[in-house]
Amino acid sequence: MPRLAYANGRFLPHAQAAVHVEDRGYQFGDGVYEVVSVLNKRPIDMDGHLDRLDRSLRELRIDWPVTRSVLNVLMRQILRRNGIRNGIVYIQVTRGVAPRDHKFPKNAAPSLVMTTSKVNHLGASRFRDGAKVVTIPDIRWTRCDIKSTSLLPNCLGKQTAAEAGAYEAWQVTDDGFITEGTSSNAWIVTDKGELVTRAPTSEILNGITRISILKIAEEEGIDFVERPFCKSEALLAREAFTTSATSFVTPVVQIDNTKIGDGSPGRLSKALMKHYENYIDTLSEL
Ligand code: PMP
């Protein structure tokens with residue numbers, strides 16, 4: 001079965017799927033996206049991702065390329081047709097194709113592209129060993145709440161992490177506060193045992209995984225607080241972890257050159273990952 005991609009109304013062999021050279025996503029990064037993970041044939045938090053896609057589109061005044069319910073069907077279709085038992089589906093919507101001009105085109109139709117990949121999520125060694133993160137200055141714009149395809153600062157940051165042998169880079173504001181990772185949300189358990197993550201303002205992307213973990217914490221009676229935390233507080237933390245659709249709950253055992261806790265995945269981080277896996281087991285299959 002050839003791997004298929006979806007591009008503007010058609011399923012095509014992955015290598016042949018393409019968009020126009022004047023697609024505004026390509027020329028301006030004028031688009032939004034979502035990544036939904038699938039574990040044991042269960043897409044995780046599809047509704048949450050579609051809610052956030054709707055929000056991103058509205059904030060940028062891009063129309064839905066198809067209705068939400070059609071997109072839901074198309075996502076399931078590409079996952080099934082590509083036989084994705086464990087992996088991801090990537091969905092991208094741009095403002096469409098138009099002669100290059102910064103201002104919005106008058107009558108371009110939004111473009112919709114979808115791809116899938118197989119990923120053995122739980123096979124990653126970081127769940128057992130924990131991950132290292134480095135800190136970098138947060139050089140992004142002030143609308144990080146929009147899941148835009150304009151990801152240049154995030155790419156630069158992730159490259160810095162990779163060159164340092166780290167899994168992720170956590171971004172730090174001028175006044176020393178950690179906002180989030182380049183593709184994940186940052187969490188700590190303070191030396192007093194308080195679970196902390198930044199509130200969902202326009203300085204971070206409100207992760208769908210973040211939302212699910214907060215819901216789980218609430219259900220499990222685990223206290224948490226949504227507030228900014230600075231790098232020096234993180235370095236002294238008992239535990240740290242980073243969350244995203246593809247990271248799940250990834251324990252952080254080192255920040256820059258400082259070991260976190262005893263340098264192995266923390267108790268609460270591991271417990272939250274376990275609860276998250278149990279939660280995924282309750283979701284419906286493709
Ligand atoms: N922050 C940023 C900057 C991201 O790119 C992501 C991943 N898309 C997240 C946080 C985590 O979001 P989610 O849990 O929805 O994957």
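This is a predicted model: local features need pLDDT of at least 70, side-chain atom pairs count only at pLDDT 80 or more; totals for chains, interfaces and linings use all residues.
Domain 1 (4-119) and domain 2 (126-280) both contribute residues to the shell around the ligand, so it lies between them; the domain bounds come from an automatic or database assignment.

**Shell around the ligand**
- The ligand is surrounded by 19 residues, and the closest are K147, E180, I208, T209 and A245 (near: a heavy atom within 4 Å).
- By type, the shell comprises 4 nonpolar, 11 polar and 4 charged residues, with Gly counted as polar.

**Polar atoms and cover**
- K147 places a polar side-chain atom 2.2 Å from a nitrogen atom of the ligand.
- For E180, a polar side-chain atom lies 2.6 Å from a ligand nitrogen atom.
- A245 instead uses a backbone N or O atom, 2.8 Å from an oxygen atom of the ligand.
- Of the 390 Å² of accessible area that the ligand has on its own, the protein covers 93% (Shrake-Rupley method, 1.4 Å probe).

**Basis of the values**
- Residues are numbered from 1 along each chain as its sequence is written, and side-chain values use heavy atoms, without hydrogens and water.
- Local features need pLDDT of at least 70 and side-chain atom pairs count only at pLDDT 80 or more, while totals for chains, interfaces and linings use all residues.

Note on methods: A polar contact is a pair of N or O atoms within 3.5 Å; within protein, one must be able to donate a hydrogen and the other to accept it, and residues adjacent in sequence count only if both atoms are side-chain atoms.
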